[in-house]
Amino acid sequence: MKSAVIVFPGSNCDRDVAVALEQVTGRAPAMVWHRDSELPEGTGFIALPGGFSYGDYLRSGAMAARAPIMRAVGDAAARGVPVIGICNGFQVLTEAGLLPGALMRNAGLSFVCRPVALKVENSQSLFTAGYRAGETITLPVAHHDGNYQADEATLDRLEGEGRVAFRYGEAVNGSARAIAGILNDAGNVLGLMPHPERASEPAHGGTDGRRLFEGLFEGLLAAA
Amino acid sequence: MKARVFVTLKPGVLDPQGKAIHHALEGLGFGGVQDVRAGKLIELDLADGTSEADIEAMCRKLLANTVIENFRIERPEAAMPQKTESAA
C-alpha cells in the first residue's frame with residue numbers, strides 16, 4: 001500500500017503523519033510537494049497534514065486548496081482513493097470543495113491546544129473501523145480555525161447519513177453540533193481537526209490516534 | 001484599472017471576530033453599537049479590459065468562500081467614462 005503525504009509551504013505535521021504511517025504500514029509514504037501535478041503511480045492513500053499552509057493567508061487552507069497537486073488529489077478522491085485531512089488538511093478539503101461546510105475562527109477566539117475527549121459517532125467508516133461506536137477517545141487539538149459551520153440542511157444531511165465521524169465531548173471551538181470530523185458522501189474522504197498522528201505512541205501520552213491508522217490500513221489491506 | 005472586492009460574512013454566520021471588536025468598543029465606553037461584522041477589502045490592480053465576469057470568477061474561485069461569505073465588486077474607475085490610457 002503506497003501512501004502519499006502532501007507537503008504545502010507551512011505544513012508542520014507532515015513528518016509526524018509520515019512517522020505514524022510508517023509505523024503502522026511498515027512503509028514510508030511519498031512526500032509530495034504542492035507544486036507537483038501528479039501523485040506517484042499506485043498511490044492508495046493520501047494524507048493532507050496539519051500546519052499553517054501559506055501562513056493561513058486569505059483563509060485557512062484557501063491557497064493550498066488551489067495548489068497544483070490538489071487537482072490530482074481531487075481526481076484520486078473521485079476514484080475512491082481514501083484521503084484524510086487533519087487540522088489544516090481538513091480546512092484544505094473544505095476549501096477545495098471535497099467536504100462540505102467551512103472552518104471558521106474558534107468561537108472563543110483563542111488558539112486551542114490540548115488533548116480533548118472525542119466521541120466516535122460512526123465506527124463503520126473506512127477510517128473509524130478501529131473504534132467502537134459511541135466510544136470516547138482522547139486526541140490532541142491545536143488550532144485557531146476549527147469552528148465547523150455549515151447550513152442547517154447540510155448539518156442534517158451529515159447527521160442523517162452517518163457522516164459525522166467524530167464529535168467533541170467537551171466545549172472546544174464552537175463547532176456546529178460539536179462536530180470534530182466529517183466524511184464525504186462516498187465515505188472515502190475524512191476531515192478532522194484533532195491530530196491522530198500526535199497520539200500514535202505511548203510517549204505522546206496516548207495511542208488512540210494510532211488506532212485510526214491501524215483500523216484504516218487493516219481494512220484497506222483486507223480489501224486489496 | 002483598479003477594482004475593490006469587499007468580502008463579508010453572510011448574514012447569520014457567526015462572526016467571533018466582530019463580536020470581540022464589539023466587546024472592545026463597549027469596553028472603551030462607546031455605547032450604542034448594535035452589532036459589528038468584520039470583513040475584508042481586497043484591492044486589485046488589473047489590466048485594462050478585464051471583464052466584470054473575470055473579476056467575479058476570481059471572487060468565486062478564490063477571494064471569497066461562498067459557503068460562508070458574500071462578495072461585492074466595486075470599480076471606482078468604471079464609473080468615470082473613458083479614462084484614457086496615454087499609451088493607447
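**Helix α4 of chain A**

I looked up what covers the buried residues of α4(A); the cover includes β3 (43-48), α2 (62-65), β4 (83-86), β5 (102-104) and β11 (189-192) of chain A. I note here that the model is predicted. I then checked how far the covering goes. Helix α4 spans residues 88-95 of chain A and is mostly covered, with eight of its eight residues buried. I listed the buried residues: Asn88(A), Gly89(A), Phe90(A), Gln91(A), Val92(A), Leu93(A), Thr94(A) and Glu95(A). I also looked at what comes after the helix. Gly97(A) follows α4(A) and has a positive phi, near 80 degrees.

**Strand β10 of chain A**

I went to β10 next, residues 179-183 of chain A. Five of its five residues are buried, and the strand is mostly covered. I looked for its partners. Strand β9 (residues 164-168) of chain A runs antiparallel to β10(A), and three bridges join them. I traced one pair there: Val164(A) has Ile182(A) of β10(A) as its bridge partner. On β11(A), the pairing with β10(A) is also antiparallel, over three bridges. I found Ile182(A) again, standing opposite Gly191(A) in β11(A). So that I had the turn as well, I opened the hairpin of β10(A) and β11(A), which has five residues between the strands. Gly187(A) takes a positive phi there, near 85 degrees.

**Arg210 of chain A**

I placed Arg210(A) in helix α6 (residues 208-223) of chain A. Is Arg210(A) buried or exposed? Arg210(A) counts as buried because it has 20 C-beta neighbours inside 10 Å, and the cut-off for buried is 20 or more. I listed what Arg210(A) touches, leaving out residues up to four places away in sequence: Ala20(A), Val24(A), Ala199(A), Ser200(A) and Glu201(A). I also checked Arg210(A) against Arg177(A). The two are 33 residues apart in sequence and 26 Å apart in space, C-alpha to C-alpha.

I turned to chain B and counted two helices and three strands. From the N terminus on, the elements run β-α-β-α-β. Of the 88 residues of chain B, 10% count as buried. I looked at contacts in chain B between residues at least 6 apart in sequence; 67% of them join residues at least 24 apart.

Chain A gives 12 residues to the contact and chain B gives nine residues.

Note on methods: Residues numbered from 1 in each chain as written. Chains lettered and ligands numbered in written order. Predicted model: local features only at pLDDT ≥ 70, side-chain atom pairs only at ≥ 80, totals over all residues. Contact = placed C-beta atoms within 7 Å. Helix = DSSP H or I, 4+ residues; strand = E, 2+ residues; numbered from the N terminus. Buried ≥ 20, exposed ≤ 12 C-beta atoms within 10 Å, placed from the backbone. Pairing = 2+ DSSP bridges.
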